[in-house]
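Student: Hi! I have a structure open and would like to talk it through with you. Shall we start?

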Amino acid sequence: MLERIKGILIMIKKKYWLDKKENITKIYIGLWTLGILLILGDFVIHRHEDYKTAEMFGFYGAYGFVGCVILVLVAKVLRKIVMRNEDYYDT
Amino acid sequence: MTLNFPTAFILILGGLILPFFSGSLRKLCLIFIPVIAFVHLLILPTGLHGELQFIGYTLSSVRVDKLSQIFGYVFLIAAFLNAIYAWHSDDVLQQSATFVYAGSAIGAVFAGDLITLFIFWELTAISSVILIWARRTDRAYKSGMRYLITHILSGMLLLIGAIFYSKSQGSIEFTSMSLDQPGVILIFIAFGVKSAFPLLHNWLHDAYPESTEIGTVALSVFSTKLGIYALARGFAGTEILIFIGAVMATFPIFYAVIENDLRRVLTYSLNNQLGFMVVGIGIGTELAINGAVAHAFAHILYKSLLFMSMGAVLFRVGTVNGSDLGGLYKSMPWTAFFCIIGAASISAFPLFSGFVAKSLIMSAALYQDHVLVWLVLLFASAGVFHHAGIKIPFFAFFAHDSGFRCKEAPLNMLIAMSIAATICVGIGCFPNLFYMLLPYPVSYEPYTSSHVLSQLQLLVFSALAFAFLMRTGVYPPELKSVNLDSDWLYRVFLKNLTLKFQQHIFQLYDQACHKLKGGFWGLCKKIHRHHQPTGLLARNWPTSNMVLWVALMLASYLIIYFLQFAV
């Protein structure tokens, strides 16, 4: 506990680059820029795919994004069904 | 003296003598035992060795071919990394158990027949449970017990299956089998338990996260990949495996998203990665088998790396719950760095091992026109990056600052992690060298511009989905909780059923006792009525009583005498 309080004190004193909120936003915007550039890459490189539908513009980006959003939304529903208290099996 | 004995013996014997050494001698043994075993494996010539006769069957304890060799190599590399990772520890029990466990897994991989396989199969179960119990908590004890029962049962199924199989085939050789007889089906289920098939999987998520920081690393390597090896050897091209693998690759990732214990999250992603391998084995073409084996090899290393980094966090902070952690990159920058390399490898970023291994399976699926399976695997690939690639490093090392300030991981742990990380990057950068180890010749180029671009698009947009959901507050927060899985069936439902059944049995027993008691007392009362001092039979002198009985006897004699004539 004492260690943790000490840590919190150091935390207040010493600021890291990632501690600033605006820097997080910078990373977020940077990531979107990278994503958009990669999608635009479809114009530069013609992707040869064994599965022809995947040659569609932006297929992988859309699949990854939508897939992960669905994953999280379904997981949230799953949580409502399966989540129990930490000591569920002990009592 | 011939050197063609099982490599397993070196490790098992090493593990058993380890407790007799102490201090720096033991530490030396820790490093040298896997090295000696590795050298032994290198000089073992291909073919069958160590043959002996047993109840009319020929057993061959060592079968060296490309499939067993590659698993042997990676198991030994993992055992070596484990030894370095456990260098700081004084718990000889764990170090010793790890060697016996690694040795028995290698013994099973090189087993040429089902009996030898069974012996080493059970030995892995017994030695690995020690690693779970080494946590020395009540939870770990109970969890280990459930783990042991499951694995011993798997061994029993294997044995019964082998007996049936040998009766029908007249041979006990462990080779390719087809699922058309009961014995083989039992063997298939036994392999399925070890490979954590859906609904047979729960021992993995139940037991592994309960082990120590060292134990879980070792556990993550051997048992499940032994299952994968056994499937690759026995059931390559069995179509049902494609379906099983696809389910395996998807359903655990939903659990991984909502799980709080980060080592448990890793077990879910372990299960998901096993799914990819099982699909590869199910497809069964040379490319697909190569993919499954390559994926197993790469997976062992990056999964060890991820478990090592979480183990280091557990060792320093005392918890790996996502809800408690955050901001640890400030205290443990090197651990964070290695964790990210492991995360990049499991997520199959170009230049990392997962990319060159997983691609083989994905391409093999498309070459055989399994488009739906390919789409499922693509979703699972995005999902694994989402939960293992981002969630693990993010909640442990970044996210909100938890205020924990601890020391960096011990040097030996960092060395083990750095070696694992180097191999992960090495495989990713020099795939052709890696492909040379695979069982079949490979003519596959993972680094085409379209492949790299498509993979980067998939991954960056999965990361964007995570960032977007985090910033909009949709992403489920890390909460202290347990999530019910198929183990609920036996830990709650069957337990309650048994308790109810027991209650009924006790009730029936009580009722029966009550009735018997009532009957007995009734009888006593009747006897008492006639024999009490005023009773009918006690009122006269014994001589009068005797006269009565004699009269009765004579009368009955008379009746019988007359009856004789009547008949």
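Student: What percentage of the contacts in chain B with a separation of 6 or more comes from residues 24 or more positions apart?

Tutor: That would be 80%. Keep in mind that this is a predicted model, and every value here is computed from it.

Student: Noted. What helices and strands are there in chain B?

Tutor: Chain B has 20 helices and three strands. Of its 567 residues, 54% count as buried.

Student: And how does the radius of gyration of chain B stand against a compact globule?

Tutor: Chain B has 32 Å, whereas a compact globule of 567 residues would have a value near 24 Å. The C-alpha trace of chain B spans about 120 × 60 × 55 Å along its principal axes.

Student: OK, over to chain A. What is in there?

Tutor: Chain A holds three helices and one strand. The order from the N terminus is α-α-α-β. As for burial, 15% of the 91 residues of chain A count as buried.

Student: How many residues are in contact between the two chains?

Tutor: On the chain B side there are 46 residues, and they are in contact with 45 residues of chain A. Several elements of chain B each supply at least two residues of that side: α10 (240–258), α14 (353–367), α15 (371–397), α18 (449–471) and β3 (482–483).

Student: Which one gives the largest share?

Tutor: That is α18(B), with 18 residues of the side of chain B that touches chain A. Sorted by class, this side has 30 nonpolar, ten polar and six charged residues.

Student: Nice. What about the other strands of chain B, how are β1(B) and β2(B) joined?

Tutor: Strand β1 (residues 47–54) and strand β2 (residues 57–64) of chain B run antiparallel, with seven bridges joining them. Together β1(B) and β2(B) form a hairpin with two residues between the strands. B:Ile55 is in the turn and has a positive phi of about 35°. B:Phe54 has B:Tyr57 of β2(B) as its bridge partner.

Student: Why does B:Arg136 count as exposed?

Tutor: Because B:Arg136 has 10 C-beta neighbours inside 10 Å, and 12 or fewer is the cut-off for exposed. B:Ala348 counts as buried because it has 28 such neighbours inside 10 Å, and the cut-off for buried is 20 or more.

Student: Switching to helices: how do the axes of α7(B) and α9(B) cross?

Tutor: The axes of helix α7 (residues 182–194) and helix α9 (residues 213–234) of chain B come within 7 Å and cross at roughly 145°. The crossing is left-handed. From α7(B), the contact is made by B:Ile187, B:Phe191 and B:Lys194. The residues on the α9(B) side include B:Leu226, B:Gly227 and B:Ala230. By class, this contact has five nonpolar, four polar and one charged residues.

Student: Last one. Where is B:Ser486, and what does it touch?

Tutor: B:Ser486 is in the loop between β3 and α19 (488–531) of chain B. Leaving aside residues up to four places away in sequence, B:Ser486 touches B:Leu199 and B:Asn202. B:Ser486 is partly exposed, with 14 other C-beta atoms within 10 Å. From B:Ser486 to B:Tyr561 there are 75 residues in sequence and 77 Å in space, C-alpha to C-alpha.

Definitions and conventions:
Residues numbered from 1 in each chain as written. Chains lettered and ligands numbered in written order. Predicted model: local features only at pLDDT ≥ 70, side-chain atom pairs only at ≥ 80, totals over all residues. Axes fitted to C-alpha atoms, helices over the stretch in contact; angles between N-to-C directions. Helix = DSSP H or I, 4+ residues; strand = E, 2+ residues; numbered from the N terminus. Left-handed = near helix turned anticlockwise from the far one by under 90°. Contact = placed C-beta atoms within 7 Å. Nonpolar A, V, L, I, M, F, W, Y, C, P; charged D, E, K, R; others polar. Rg over C-alpha atoms; globule rule 2.2 N^0.38 Å. Pairing = 2+ DSSP bridges.
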